[in-house]
Amino acid sequence: MGHTIEDFELSDNLMIEGGIRESGGQLFVAEQPGEHPFFSAELFHRCVQALTCHDHFRLS
C-alpha cells in the first residue's frame with residue numbers, strides 16, 4: 001500500500017499557513033527570487049502596504 005501526499009496548493013506547510021490564516025494573519029510569499037537570497041524588496045513593500053492598511057496599525 002503506497003502513501004500519497006495531498007496537494008493543498010500552499011506555499012508552506014499546511015499547519016503553518018493554515019494557522020496563520022485561521023488566526024487572521026496573512027502569509028506573504030515572494031513571486032520570484034530577489035537579488036539577495038533572504039530579502040525581497042517587492043515582498044517587503046507588500047508587507048508594509050498590508051500593515052498600513054490594517055485597522056489596528058497606526059504610524060506614529
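User: Where does Phe44 lie in this predicted model?

Analyst: In this predicted model, Phe44 is part of helix α2, which covers residues 41-53. The protein chain has two helices and zero strands.

User: What makes the pair of Phe39 and Phe44 tilted?

Analyst: A search of the whole structure finds one aromatic pair. The ring centres of Phe39 and Phe44 are 6.2 Å apart, and a pair needs centres within 6.5 Å. Their planes stand at 45°. Stacked would need under 30 degrees and edge-to-face over 60, so the pair counts as tilted.

User: Why is Phe39 called partly exposed?

Analyst: Its relative accessibility is 43%. Buried means under 20% and exposed over 50%, so Phe39 falls in between and counts as partly exposed.

User: Which residues make the nonpolar surface patch?

Analyst: Phe39, Phe44 and Val48 make a patch of about 290 Å².

User: How much of the protein chain counts as buried?

Analyst: Of its 60 residues, 5% count as buried. The accessible surface of the chain is about 5900 Å², with 57% belonging to carbon and sulfur atoms.

How values were computed: Residues numbered from 1 in each chain as written. Predicted model: local features only at pLDDT ≥ 70, side-chain atom pairs only at ≥ 80, totals over all residues. Heavy atoms only, no water. Patch = residues over 30% accessible without salt bridge, like charges linked within 9 Å, V, L, I, M, F, W, Y side chains within 5 Å. Areas by Shrake-Rupley, 256 points an atom, 1.4 Å probe, with all protein chains shown as cover. Salt bridge = Lys/Arg side-chain N within 4 Å of Asp/Glu carboxyl O. Helix = DSSP H or I, 4+ residues; strand = E, 2+ residues; numbered from the N terminus. Phe/Tyr/Trp six-rings, centres within 6.5 Å; stacked < 30°, edge-to-face > 60°. Buried < 20%, exposed > 50% of the residue type's maximum accessible area, 1.4 Å probe, protein only.
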